[in-house]
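Let's take a walk through a protein model together, one residue at a time. Have the sequence and the 3D view ready as you read.

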Amino acid sequence: MAIAESCPSGAITYIRKDAGPQEQPPVVNTVRIRENGSLALHAEIVLGDETSFRATLCRCGASENKPFCDGSHNKSGFAATGEPALKDTPALDARNGPLTVTPTKNGQLKLEGNLEIVTGTGHTVDRTQRTFLCRCGHSANKPFCDGTHKKVGFVGQSGAAAKAANLPPQGERSNFIVAQRSWLYRPARIG
């Protein structure tokens, strides 16, 4: 369970079969901006008709499995800081709850719900209930969208269709049902 819950991408999940407690959503919804890499979400993520607690989303525009990161930023030479300028934003009344993620067709990631955008070193960039993040890799204001996806002709279907098409069957292991989701960034092994 600890391995699954520490997996930032959600590539490993579990369902307890021993009546023990299931994984719970975090107390604070966060999106971590990885240096030259993906956006790591930890929240009660609602994407289409699926809910999960962890996901890594592409921000370089090169993933073959948009909106999810597949590690293409390493091959493409994507460069973007994980430490953008901090905003002076007030604390949110609530820091958790559902976070709806909508990858717009050929556009940005729309995130709606309580969210703290955090640097790779843990500094809070912004606290918001609605934001638009770049997923084409070309914004001059990364991690935020500045509309450049229109100029560069970014192509990316909406995320619900991509996610539904790539869900693998679940396998069993010990007292847990474990699923390794190959559509997420760097699936880890158990065992």
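Is Ala-19 buried or exposed? Before answering, keep in mind that what you are looking at is a predicted model. Ala-19 has a relative accessible area of 78%, and because anything over 50% is called exposed, Ala-19 counts as exposed. You can find Ala-19 in the loop between β1 and β2. Its backbone deserves a look too: phi of Ala-19 is near 70°, a positive value in a residue that is not glycine.

Asn-106 gives you another case of this kind. Asn-106 is not a glycine, yet its phi is positive, at about 55°. Look for Asn-106 in the loop between β5 and β6. With a relative accessible area of 30%, Asn-106 is partly exposed, since that label covers values between 20% and 50%.

Now let's turn to the charged side chains. How many salt bridges does the structure hold? There are six salt bridges in the structure. One of them brings together the side chains of Arg-16 and Asp-18, with 2.7 Å from N to O.

Next, find Glu-23 and Arg-54, whose closest N and O atoms are 2.9 Å apart in a salt bridge. Glu-23 belongs to the loop between β1 (12–16) and β2 (30–33), whereas Arg-54 is in strand β4 (residues 50–57), so this pair ties together parts that are 31 residues apart in sequence. Both Glu-23 and Arg-54 are buried.

Which side chain does Arg-95 meet in a salt bridge? The partner of Arg-95 is Glu-116, and the N to O distance is 2.7 Å. This pair, too, links distant parts of the chain: Arg-95 is in the loop between α2 (72–76) and β5 (98–103), Glu-116 is in strand β6 (residues 109–118), and the two are 21 residues apart. Arg-95 is partly exposed at 40% relative accessibility, but Glu-116 is buried, with a relative accessible area of 5%.

Asp-126 is part of strand β7 (residues 124–133). Its relative accessible area is 7%, so Asp-126 is buried.

Finally, follow the backbone to two prolines. A cis peptide bond joins Lys-66 to Pro-67, and its omega is about 10°. Pro-67 is placed in the loop between β4 and α2. A cis peptide bond also runs from Lys-142 to Pro-143, with omega near 10°. To see Pro-143 in your view, go to the loop between β7 and α3 (148–152).

Note on methods
Residues numbered from 1 in each chain as written. Predicted model: local features only at pLDDT ≥ 70, side-chain atom pairs only at ≥ 80, totals over all residues. Heavy atoms only, no water. Helix = DSSP H or I, 4+ residues; strand = E, 2+ residues; numbered from the N terminus. Buried < 20%, exposed > 50% of the residue type's maximum accessible area, 1.4 Å probe, protein only. Salt bridge = Lys/Arg side-chain N within 4 Å of Asp/Glu carboxyl O.
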